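Here's a quick look at charge pairing and helix packing in one model. Have the viewer open while you read.

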Amino acid sequence: MYKNGQELLDLCAKENKRVWEVALDAETKLTGMDRDRLWAHFENRLDVMIGSATKALEHRQATKGGLVDGVANCQYEYSKKDGSVTGNYMNYIMALAYSSSEVNASMGKICASPTAGSCGILPAALLTMQADYGKTEQDCVMALFTAGAV
């Protein structure tokens, strides 16, 4: 096991493995689950993340306090317009992150990664990597293991 980033990198070098592989090995030891079952579990987490990151883009979610109702859709629509300071691309990524937060606030299903308050950051990053850099679902699952290790 490892206690900090340097120990993780040292372990990767020693075992000639990537971070996600060391993280998967650690998860098998911690949970007692085999690699295939853990992989399927993380695929499910990814599906939940993608669902929450896209759900509120076009469909406003009703939340208890109403403070974030429609924020994801507003940001998404703004991302389609030219002339913003941050540009369309960054506004779209923000819309994905806001969508997860809005789904969370409406008591919808999210994946807290690592907390419910930051539930939109990782899904927004992963969806962007898939869409813009051709990353596969397998790449995204490896990224989830990596994020868990870090």
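## Salt bridges

Lys17 is partly exposed because its relative accessibility is 31% (buried is under 20%, exposed over 50%, partly exposed in between, using a 1.4 Å probe and protein chains only). Lys17 pairs with Asp25 in a salt bridge, closest N and O atoms 2.4 Å apart (that's a Lys or Arg side-chain nitrogen within 4 Å of a carboxyl oxygen of Asp or Glu). Asp25 sits at 15%, so it counts as buried.

Asp25 also meets Arg35, at 2.5 Å from N to O. Arg35 comes out partly exposed at 38%.

Then there's Asp69 with Arg60, at 4.0 Å between the closest N and O atoms. Shared partners link Glu15, Lys17, Asp25 and Arg35 into one network. The whole structure has five salt bridges.

## Helix packing

Helix 3 (residues 35–58) packs on helix 5 (residues 87–105) at about 100°, axes 7 Å apart (axes are lines fitted to C-alpha atoms over the stretch in contact; angles run from 0 to 180 degrees between N-to-C directions). The two are therefore roughly perpendicular, a label covering 65 to 115 degrees.

## Ground rules

This is a predicted model: local features need pLDDT of at least 70, side-chain atom pairs need 80 or more, and totals for chains, interfaces and linings use all residues. Residues are numbered from 1 along each chain as its sequence is written, and side-chain values use heavy atoms, leaving out hydrogens and water.

Notes: Helices (H or I, at least four residues) and strands (E, at least two) are DSSP runs, numbered from the N terminus. Angles under 35 degrees count as roughly parallel, over 145 as roughly antiparallel, 65 to 115 as roughly perpendicular and the rest as oblique.
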